[in-house]
Every structure is written in C-alpha cells, then in structure tokens.
Amino acid sequence: MRAPGFWYRPPGLAAALLSPLACLYALAARRRQATAAPQGAGIPVLCIGNLVAGGAGKTPLAQAVMRSLQARGIQAHYLSRGYGGRLTGPLRVDPARHGAADVGDEPLLLSRSAPAWISADRLAGARAARDGGAQAVVMDDGFQNPALAKDLSLLVVDGGAGFGNGRVIPAGPLREPLADGLARAQGVVIVGPDRLGAAAQVARLAPAMPILTARLKPDATVAASIGDRPVLAFAGIGRPPKFFDTCRELGLTLAETVPFPDHHPYTGADIAGLLDRASALGAVPLTTEKDWVRLPAAHQGAIKALPVVLDFDDTGALARVLGTVF
C-alpha cells in the first residue's frame, strides 16, 4: 500500500480526526515495549530499523554495516522477517533455490553479500544464525520487535521525508512516538539531504544521540552502459520518487517514471506492459536492485537494475558507532 499523502504534510483535519486512534496505537506500542522481556541470542545483535511505516534506506545501511564487520574479520549473518515471502523460517536463504515469493526481496538481495536468514520469530532466527556459524547478526528491520535483545540499534531516516507530520499511525507515519523510539536507539543515520530538519528534531529529543549523514551512491557503470538513451524508471519501494531522483542525479534522462506500491509482487503482465511502454518511448527500462529480484525470472534479462551503496559524509562515523560493541 502507499502511504496516505497527508502523512507528509503539516497536520490538518485528517490527522486531527485520527488522533484518538493514534493515541491508542501509541499506548499499545509503549505497553508492548514496557511489558517485554527481551532475550539474547548469545552473539551481538545489530538492529537496523526506522520509526516510520515504509522504507527509509534500511537495507543499504544493513549492507554498509555488514561490510564494516567483514572488514574487521567478523563472520556476521543477516536476519530478516522475510516480508512478502511465504516461508516463515527460521531458514537460511539459498539464492539458487529461493525466490522473492519464498523469502522476500530484501533477504534475497542481502544474501548476495553474506549469509541471510529469515524468521518470523526473530529470537529463533538469531539463534539459528548463531548455530549456523554467525559471530554477529545484522537485523534488517525489527526495531519495534521486543522479543530479541539488541546490542546496538541504528535508526534510518529518509532526509527527504523525515518523520512526516510527526504523528503516530494512523494520524501519521510514526510506528511509535518519536521520543520513545529514540530512547532505545544508539544512533541515527539520515540518508540524503535533511530537507525537513530531522537532525534538529533528534538533537532536541536526544541531545547525546550520534547523528550520521550519508547519501545513496549509485553505480555509475550502469549509467555509462545506458549512455544517452532515455530511461523508463519504475520502482515499488517505500518512496519511489527517491529512486527517480537518484536516476536524475546520475544524469539520466527520464522519459517516464512509474511508481508501484512498496514490495509490489510483479506479474508477467506488469512487466509486459512496462516493456511495451519502454519500447514505444525508445527507452531503457530501469529499476532498483530490490525490485529487480522480484521480477519474474523470464523478464530479468530485459531490465536493468541500478545498484546503490551508502556513502557516509564522515567515513569513520559508522566504524566509531560499531566500536561501542566490537
């Protein structure tokens, strides 16, 4: 589903009318955390989460954390709920056997760089990773899940969307009150230009919180392979315009942009329509890596994916935060 537009506008009538439900949601979230008894996995658990519904850049940050741990010689595994997949785990992802419909798009993408596990029960998944040889777990999402104790939690914020209107679901995009979430985190990573003052909000509520800034750096070789040809860009992520902006920053000419809902399960008909439209425009069809792994296998060869990595403004900032655990 797409987030309601009013979530990212100054609070108005819709937010006001939904405020009573938002209060109940916030109370339930607070109670869930207060009554929980988190259990450890026996190895360090690093959680990459966010405070709003939808995407913010968790997967690129999880990959950046994994690269940092690998550089230290730490054998870390990924852990994900496997959203969008039919399997519940605990299960180690095998890219040769599993597709996005089985395990979800994010674990499938993550499994390219390190062992990845899915588990609806995060505690069981972390312990399965430990038993499978992991010395640490990098958990993509799950910040609001209280069952598994975290040794370090990093919150990702999309600089272009911030915390929306600052209200809790359904009056706004927040999964819990901002102050509550920040109280359980050890760092905040703002991805892209901070257009809405997210850093100032964090500093006001949590003055000692480390705030890291980073940008998504796309693979320039893909742009070079496209050359001067126009592009039909499509994406089914939390905020598709973020991908379209990335394409423009690379200097690509966008003949058309097509947004889909987050985690959209592409069908053959979807892709046939996109390819027909791209052909009519004389354009190259281009999407995100996360979308590409959800494409029907028969169509993957006809569509280019644009890989991105998280590039930190302070190259040593992430290592310093991770150094509090390792």
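The legends below describe close-up views of one predicted model.

Local features are given where pLDDT is at least 70, side-chain atom pairs count only at pLDDT 80 or more, and totals for chains, interfaces and linings use all residues. Residues are numbered from 1 along each chain as its sequence is written, and side-chain values use heavy atoms, with hydrogens and water left out.

**View 1**
Helix α11 covers residues 268-281. Helices (H or I, at least four residues) and strands (E, at least two) are DSSP runs, numbered from the N terminus. At 1.5 Å a residue, the 14 residues of α11 should span 20 Å, and the end C-alpha atoms are 20 Å apart, which agrees. The expected span is 1.5 Å times one less than the number of residues. The buried residues of α11 are Ile271, Leu274 and Ala278. They cover an arc of only 60° around the axis, which puts them on the same side of α11. This arc is that of the directions from the helix axis to the C-beta atoms. An α-helix has 3.6 residues a turn, so residues three or four places apart point the same way. The face turned away from the buried side carries the exposed residues Ala269, Asp276, Ser279 and Ala280. Buried means under 20% relative accessible area, exposed over 50%, and partly exposed in between (1.4 Å probe, protein chains only). Glycine 282 follows α11 and has a positive phi, near 65°.

**View 1. What lies against α11.**
The cover over the buried residues of α11 includes β9 (231-235), β10 (254-259), β11 (284-288) and α13 (297-300). Contact means heavy atoms within 4.5 Å. α11 lies across β9, β10 and β11 and runs at about 155° to β9. Axes are lines fitted to C-alpha atoms, for helices over the stretch in contact, and angles run from 0 to 180 degrees between N-to-C directions.

**View 2. The parallel sheet.**
An open sheet of 4 strands has the order β10-β9-β11-β12, with parallel pairing. Its edge strands are β10 and β12 (304-306), each pairing on one side only. On average, neighbouring strands of this sheet are turned by 30° against each other, direction ignored. Two strands pair if DSSP finds at least two bridges between them. β9 and β10 are joined by 5 bridges. In that part of the sheet, alanine 233 stands opposite threonine 257 in β10. β9 and β11 pair over 3 bridges, in the parallel sense. Here valine 231 stands opposite valine 284 in β11. β11 and β12 also pair in the parallel sense, over 3 bridges. Threonine 287 stands opposite alanine 305 in β12. β11 is mostly covered, with 5 of its 5 residues buried.

**View 3. An aromatic pair between β9 and a loop.**
The whole structure holds 4 aromatic pairs. One of them joins phenylalanine 234 and tyrosine 266 edge-to-face, at 5.7 Å centre to centre and 80° between the planes. Phenylalanine 234 lies in strand β9 and tyrosine 266 in the loop between β10 and α11, so the pair ties together parts that are 32 residues apart in sequence. Rings of Phe, Tyr and Trp (its six-membered ring) pair if their centres lie within 6.5 Å; planes under 30 degrees apart count as stacked, over 60 as edge-to-face and the rest as tilted. Both phenylalanine 234 and tyrosine 266 are buried. Phe234, Phe260 and Tyr266 form one aromatic cluster.

Histidine 263 lies in the loop between β10 and α11. Its phi is positive, about 65°, although histidine 263 is not a glycine. Histidine 263 is buried, with a relative accessible area of 16%. Aspartate 141 sits in the loop between β5 (136-140) and β6. Aspartate 141 has a positive phi of about 80° and is not a glycine either.

**View 4. Two cis peptide bonds.**
Glycine 89 and proline 90 are joined by a cis peptide bond, with omega about 5°. Proline 90 belongs to the loop between β2 (76-80) and β3 (91-92). The bond from isoleucine 169 to proline 170 is also cis, with omega near 5°. Proline 170 is in the loop between β6 (152-158) and α7 (178-183).

**View 5. Alanine 28 in helix α2.**
Alanine 28 is in helix α2 (residues 19-34). Alanine 28 is partly exposed, with a relative accessible area of 46%. Alanine 28 and glycine 85 are 57 residues apart in sequence and 27 Å apart in space, C-alpha to C-alpha.
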